[in-house]
Amino acid sequence: MSSRIIGIDLGTTNSLVAYVDEATGLPRVIPDADGRPLLPSVVAFTPDGIVVGEPARRQLARRPADTVYSVKRLMGRGFEDVKDEARYLPFRILAGEGLVRLAVGGREVTPPEVSAVVLKALKERAERHFGESVEKAVVTVPAYFNDAQRQATKDAGRIAGLDVVRIVNEPTAASLAYGLHRLSEGVVAVYDLGGGTFDVSILRVKDGVFEVLATNGDTHLGGDDFDRVLALWLLEDIAARHHTELDRDCVDLARDPEAMQELRLAAEAAKIRLSSEERTTLTLPFAGFTYRREMTRADLERLVEPLVGRTLGPCRRALADAGLSAADIDEVVLVGGSTRVPLVRRRVQELFGKTPHSQLNPDEVVALGAAVQAHILAGGITNMLLLDVTPLSLGIESLGGIVNVLIPRNTTIPTSAREMFTTSADGQTLVDLHVLQGERELAKDCRSLGRFELRIDPMPAGMPKIEVTFLIDANGILQVQAKEQRTDKEDSFTYAEADVETRMLIEARNEADTVLVHAGRALKQGAHLVDVAERAAIETAVAALRAARAGDDRDRIHEATTAVNRATEHLAEVLMDAALKGALGSRRATEILGER
Amino acid sequence: MFGLPRKLAVDSAELQRRFYALAREHHPDFHQAAPAEERARIEATSALVNAAYRTLRDPIARVEYLVRLEEGRETKEGDIDKPKAPPALLQEMFEIQEALAEARSEAAKGALGETTRATLAEQRESLRARLKDEETRLAGPLSARWDSAAPAERPAILAAFKEALATRAYLRTVIADLTETLDSDTETLSGETDSGIEGRHGSAEAPRTRGGMGGHIGAPHQ
């Protein structure tokens, strides 16, 4: 088995895979067969199968309801978290408890499953490049991702068949890529504005150690939002200028997903052109009329100014948390495609009073940094070390709904914290531990990471000594342990572990469903082509799978699925033979296939 | 752990240098190939190194840690003295809290009056200045006194530390309260802090509570 570790930037808009070239010691992005480094993070669920990347991106306007983009914004989130932006997404997000699910292409999928399709494509790209299998990866996430979002990213890797050996924060990864050659020692601010998320990290670089001092951000702010305000502005303009045609044809563009998707793509393209040009012309053909208008960079800047302004607060908070002022920053690094917008550059320069670095391609720098971290983990680099922090405070809900913080934000990880709690009622036998992440004082305003109950022996109030231990690993993922010291009763959990089980069970069931449909179809079409014994064997296997599918045992479902596949193997062959006979005479399908 | 003299005055550049060296030695990144058990041990050590640095680099956290160390040594479990702030301060803070309560009910009816707002803001500024003074005194002269004190003088300085830390805690709480009222007077404040929690704590069987035992963050046992 290969010990090679690849670096992956799983982006909102585009994803990349990179590795460190042994010969030069430099990180490189692996392009696809056509030489393109970026893989659009778009997945289309078509009747002919799942399509990913550029072909999927081309489906965006044609099949808006079945083509998923920007799924990163949904990772690790519940319906309540995303319902506002769900209105703008052309694919269906299912309402419900727990993590969000999408209904696309006639099936239900989770955001990690969609991301897994992207990861798998990158894994295969790397395998083609190296000519060997690749099983391990470092995957980047926004620094401001919470525990649930990190877990969801790890899950995506697992579904794609990748062991995610490390989750790295994107701005820190970028600093590693720059750090190889371009940064001198000092304090660095990394401003990372991507397609869907914004991060800022302040680091001290010294003696090969990259110590993150503070991090801040907004996981719901990025280029997508620029596109959206621009698209909505265009929508209003179209409605104002072409209301006659629209009324005549009874068209409501806002309710037409295809038109809205066209509009969004046109807005994105115009935004990109306006980064290098002062003015541009938009031409959008609609049924019955063509919309055409000229737009200037000033128009765009007026629209996105409030969004750019929203990035400055996190920058100031990160500085304050690091105990520094803007004047203490030695270098500024720009990361993410949205930092190509001239207004963004201006605002960053004003805030830090420095001309930002942008020698490395802002689309690639995170992947390059992930490759560097991968190389460190593989033992290829020993003089560099990244010391990252946990972006959000972690605590336990205590009496009165107040959050009792055990690990404050911007604590260097790995880290652990221990605190004693006790009970407030006599004879209490259940202690409810509610783990929270966030900066607000009240539990209800923070993100709930999970609850678990510790059973204890009844004692008078205040007597039990419950020791709660938090451990955050180098991935920024939390593990919680609780122990009643007088009786040694103990319990622990890693957030979302149970959830992963549930999701994997759902995946197993989905796979079972697909196989059952195929088997059913094969039996219907080809029952007369096989003998009674074989038919009986297939029917038995199908019945066993149906029974397994009704239960909760994932392994059993997998086994039963494999059994059905095996039982129908011959029938499928016979069917294919029969189908080919018409066109190719009497040669057996296996012979034909064997000739390739 | 860092091989530095056990004093409150710490050479921060030297501390940082030694921290980087220790972090390198014990970071999980360089022990990926180790067996799971070994990796868990390294992770724990790494967490300890990080926590120790976090405590030692901040002069106030250093004092807090020292107090815990000394208390742990001298007192039996359970009868740790509750830190006490000077009575005059308590009286003063109480008065501010009363004024705040009035301001809150004013805000609940409508917006804060201009004069009330100005008074509260002024109070906050003066408290902030006092907090800063208190922190400077703790980290500066008080810490220096400890470092040069004879063992017999230490209990008195320890008591002064505790008083200063308690004063600081009170000041911070009241400043936070003031800020909350000043910042959110456009929202309705009345009962906001109490409502919504009822449901969560409704079950009679499992009210959860924090103990008065106040544990501490990964105490570095060097």
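1. Read along the sequence, chain B runs α-α-α-α-α-α-β, that is, six helices and one strand. Helices here are DSSP runs of H or I with at least four residues, strands are E runs of at least two, and both are numbered from the N terminus. Of the 222 residues of chain B, 20% count as buried; buried stands for 20 or more other C-beta atoms within 10 Å of a residue's own, exposed for 12 or fewer, and partly exposed for anything in between, with C-beta atoms placed from the backbone. Among chain B contacts between residues at least 6 apart in sequence, 73% join residues at least 24 apart. A contact here requires C-beta atoms, placed from the backbone, within 7 Å.

2. A word on conventions: this is a predicted model, in which local features need pLDDT of at least 70 and side-chain atom pairs count only at pLDDT 80 or more, while totals for chains, interfaces and linings use all residues. Residues are numbered from 1 along each chain as its sequence is written, with chains lettered from A and ligands numbered from 1 in the order in which they are written.

3. On to the cores. A nonpolar core is a set of buried Ala, Val, Leu, Ile, Met, Phe, Trp, Tyr and Cys residues joined through C-beta atoms within 7 Å. The largest has 161 residues, of which A:Ile8, A:Ala18, A:Val43, A:Ala367 and A:Ala370 touch the most other members. Helix 12 of chain A (residues 365-377) gives the most to this core, with ten residues. Not counting residues up to four places away in sequence, A:Val43 touches A:Ile50, A:Val52, A:Ala56, A:Val68, A:Val114, A:Val117 and A:Val118. There is also a second, separate core of 13 residues, including A:Val542 and A:Leu571.

4. Helix 14 of chain A (residues 532-550) is worth a look. Which residues of helix 14 of chain A are buried? They are A:Ile538, A:Ala541, A:Val542, A:Leu545 and A:Ala548. Seen down the axis of helix 14 of chain A, these fall within an arc of 125 degrees, so they line one face of the helix; the arc is that of the directions from the helix axis to the C-beta atoms. On the other side of helix 14 of chain A, the exposed residues include A:Val532, A:Ala536 and A:Ala543.

5. Helix 4 of chain A (residues 147-159) is mostly covered, with twelve of its 13 residues buried. Among them are A:Asp147, A:Arg150, A:Lys154 and A:Asp155. Just after helix 4 of chain A, A:Gly161 takes a positive phi of about 80 degrees.

6. Four strands of chain A form an open antiparallel sheet in the order 22-21-25-26. Strands count as paired if DSSP finds at least two bridges between them. Strand 22 (402-407) and strand 26 (447-455) of chain A are the edges, each pairing on one side only. Strand 25 (residues 430-437) and strand 26 of chain A pair over eight bridges, and A:His434 stands opposite A:Arg451 in strand 26 of chain A.

7. Lastly, A:Glu294 sits in strand 17 of chain A (residues 289-296). A:Glu294 is exposed, with 9 other C-beta atoms within 10 Å. Beyond its neighbours within four places in sequence, A:Glu294 is in contact with A:Arg279 and A:Thr281.

Notes: Two residues are in contact if their C-beta atoms, placed from the backbone, lie within 7 Å.
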